[in-house]
Amino acid sequence: MPHFVIMGAGRVGVMLARTLEASGHTVAVIDQDERAFQPLRKGFEGRLVTGVGFDEDTLKRAGITEAYAFAAVSSGDNSNIIAARVAREMFKVKNVVARVYDPNRAEFFQRMGIPTVASVRWSTDQVLRRLLPEQALKGDFREPSGRLMLTEIPLNDGWAGHALTSIESAAGVRIAYVTRFGEGMLPRPDTAYQQGDSVHVMMHTDDVADVTRILSRPPRVEDKEVEAEYTPASGRSKHPHAPKKPAEQKHNNRLVVEHEFHLGDAPPELPDPVELIGRHRDSSKGKK
């Protein structure tokens, strides 16, 4: 049975402890103030350890050596980060998370490989994302190096009906999942974007401005006409919207190529019908 150690007996720590215990796990809660344990005194069967959360002896009394995960959710950013590092680096706990109130610190420590949760930043981003969708993409998740981020990105209604694969090609992103009618779904090769969908993409953090600019506008003409050709595992099929080569055929032993025209091209010049009739008459007289 997995064992969890939580540093901080505030509202978040108490909720975590009760939720984990209700799921059948063993839990230990650490806090410097014994009075903080009062909400857990009744009905909680886990360990209540008084002490500093990054002290080795305190952590050992909480069972850190056999812990499956450690959560530092006290009210101090520095204490949470230090405790998280001690748990991960000294006691080799694989699953570690720290609550950090300062968004700048949260991003810095996350790049160091310490998963962080910044509640104020998350709430602010959720509001700004709906007020200023093109300027507030901070991401729901960033991998430790900080180079990649997973975020929800708004699309112009003009993309409705387009395959998600063509959206990926146009913006240079990878669509991780789509929320449709309140339910998450993994995209399939034939999945198309619908108005009202929430599209969550994995992208480079340096490309935020370019991606938002591309997807906040309607697709370009060439995006509507041509989608990238791909070769599936069978190696036989092409994308249904891949451009076709001009058709070739022979007429009177002469090779004739049928030209392909696209939206925006100038209409081809056609010969004068009167001239064509005259040519036909001349050729008919010659045959006679």
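Does N80 count as buried or exposed, and what is its relative accessibility? Select N80 to begin: at 0% relative accessibility, this residue counts as buried, where buried means under 20% relative accessible area, exposed over 50% and partly exposed in between, with a 1.4 Å probe and protein chains only.

The model is a predicted one, in which local features need pLDDT of at least 70 and side-chain atom pairs count only at pLDDT 80 or more, while totals for chains, interfaces and linings use all residues. Residues are numbered from 1 along each chain as its sequence is written, and side-chain values use heavy atoms, with hydrogens and water left out.

**Stop 1: around N80.** Display helix α3 (residues 77-90), where N80 is found. Helices (H or I, at least four residues) and strands (E, at least two) are DSSP runs, numbered from the N terminus. Beyond its neighbours within four places in sequence, N80 is in contact (heavy atoms within 4.5 Å) with M7, A72, V73, S74, A98 and R99.

**Stop 2: the whole chain.** Zoom out to see 9 helices and 13 strands. Of the 288 residues in the chain, 34% are buried.

**Stop 3: an aromatic pair.** Select F4 and Y68. Rings of Phe, Tyr and Trp (its six-membered ring) pair if their centres lie within 6.5 Å; planes under 30 degrees apart count as stacked, over 60 as edge-to-face and the rest as tilted. The count by this rule is 1 aromatic pair. The ring centres of F4 and Y68 are 5.7 Å apart and the planes stand at 70 degrees, so the pair is edge-to-face. F4 lies in strand β1 (residues 3-7) and Y68 in the loop between α2 (56-61) and β4 (69-72), so the pair ties together parts that are 64 residues apart in sequence. F4, at 13% relative accessibility, counts as buried, whereas Y68, at 48%, counts as partly exposed.

**Stop 4: an open sheet.** Colour the 5 strands that form an open, antiparallel sheet in the order β7-β8-β11-β9-β10. At its edges stand β7 (141-142) and β10 (183-185), each with a single partner strand, so one side of each has no neighbour in the sheet. Two strands pair if DSSP finds at least two bridges between them; β9 (residues 174-180) and β11 pair in the antiparallel sense over 5 bridges. Select Y177 to find its bridge partner in β11, H200.

**Stop 5: helix α7.** Select residues 208-215, where the buried residues are V208, V211, T212 and L215. What covers these buried residues of α7 includes β8 (148-153), α6 (164-171) and β11 (198-204).
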